[in-house]
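Q: Hi! I have a structure open and would like to talk it through with you. Shall we start?

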Amino acid sequence: MAGMLVVTPRVFKMLENDSPGYIAFSSIRSATYPLILRSFQLISSDLDAVITFQCMAFVLSFGIGIIMILRSSVPLIIVIGLAIGLTFNIYLNGFHFSILTESLSFSLVLILTGLFAFLFKQPTLFRVSALFLILGILFTLKPAALPIIIGAIISIGVLFWQKKLPHLKRTTLISLVFLLTPICLENIAHSFFHKERDSLLPIHLYGKSAIITALSSGVPPPTIIKAGLKDEWKGYSQDVKSYLMSIKEQEALCLQFERVGDYENHAYWHLSYGNLLKNGFSSKQVFGETLRQNPLGLLKLVAINRANFLCVSTPITNHKLEKTKPLLDESAFGPEARYSVIYYVFLIFGFTHITAIIYYLSYLASHLFQKSQRLNFQDQLAAHLIIWAEGYLWFVAIFSITNPRYLMLVFPMMLLAAGLFLQQRFIQFFKLFYHISQGDNTKTTH
């Protein structure tokens, strides 16, 4: 992994759009990452030192995570596949060279995945405590990881229910202390620098209202008309609709999903949100009116966002339309940077994940109505990791926009779960084939 990071293409700039907010410690950012950056400033180190630190942390986490997964009795071939998949994912590895929370979050998720596999194999108080400490730190670094924290807590609850964890009361108390300590410390640190914690949610509600309106009726909500933004919203809706219609017959559905997210993101920052506030209105008013005008609009948008997580490196065939798309700047990942092999690999990966969800949900439904054989260790581990990842993906689809950047956070656990799921299905298939062939041989003998 260290060798791969040396030759990994720098697909992102050191300073991305969100980087200044972390460097300046904006009130909308949690305190952990900005304080890490300031600690490097105190020792007179530049941002290159931060990049080196991020790369070293990830390489160390990669080694620790892989070793724990290997020691948890996950088959060697799956561990090798996981290691190869992570090592050659240049998109995931590209984030280590940017001033963003992604790199350190990926490191924590790798340790979390390995630790949970280790814990699932043989639960101990130390491993449970360490798991909850990692969860607490991850939440302070990336609050959007909340569904992962909730999923992990549910998983530990299942282990308690199955009586696999000793000393219920003591373990629960110690785990809560380890979970809440970093969260409380982050709150104290944030309140020291800022009087209150701002949120991006109002801006997101405003942007979602705009894209829902564009994809539905196109009629601006009454509050937008009162605020004098009617013409701007109508122009935005017309541009979005005309562009999506122009690529509908020429480009893959994945590209259409991607552009919906791009236009939603555009609405966050370029559709006069400040003017709405100056006129005494709020995004909550706009969002409520939008849902009343388009009752199914939010469901449609969330479905598009979730489906877009299947799409990575979608090919672009019409270069002229791509260059002349309204409102949006030229993509950093233009047609020449989108490789078809990556697109198809991630489509297969995504559909494997969805197939696994359907399989485990079907098993759970049948298990509720009739007693069936319990899933083995590999299937249980895969099911838990899939629940964590899927909860996170839907959370992002509801409250934000979909982007491969967000997918990469749960990529390690999704890749491990997909490998375990496929391995178990192949074993089932060959066992079934063997029994059928043995039955045919018996009939022939008779």
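A: Happy to. Leaving aside its neighbours within four places in sequence, Leu381 is in contact (heavy atoms within 4.5 Å) with Val74, Phe116, Ala117, Phe120 and Leu420. This is a predicted model, where local features need pLDDT of at least 70 and side-chain atom pairs count only at pLDDT 80 or more, while totals for chains, interfaces and linings use all residues. Residues are numbered from 1 along each chain as its sequence is written, and side-chain values use heavy atoms, with hydrogens and water left out.

Q: Which residues touch the most other members of the largest nonpolar core?
A: Val74, Ile148, Tyr236, Leu381 and Met408 do, out of 121 residues. A nonpolar core here is a set of buried Ala, Val, Leu, Ile, Met, Phe, Trp, Tyr and Cys residues joined through side-chain atoms within 4.5 Å. Buried means under 20% relative accessible area, exposed means over 50%, and partly exposed is in between (1.4 Å probe, protein chains only).

Q: And where does the largest share of this core come from?
A: From helix H7 (residues 102-121), with 13 residues. Helices are DSSP runs of H or I with at least four residues, strands are runs of E with at least two, and both are numbered from the N terminus. A second, separate core of five residues includes Cys254, Leu310, Cys311 and Leu347.

Q: What is the handedness of that link between Cys254 and Cys311?
A: Left-handed, with -70° about the S-S bond. Both Cys254 and Cys311 are buried.

Q: What about Cys184, buried or partly exposed?
A: Cys184 has a relative accessible area of 44%, so it counts as partly exposed. Cys55 counts as buried because its relative accessibility is 13%.

Q: Switching topic: which residues of helix H16 are buried?
A: In H16 (residues 283-293), they are Ser283, Val286, Phe287, Glu289 and Thr290. They cover an arc of only 165° around the axis (taken from the directions from the helix axis to the C-beta atoms), so they are on the same side of H16. On the other side, Lys284 and Arg292 are exposed.

Conventions:
A disulfide is a pair of cysteine sulfur atoms within 2.5 Å.
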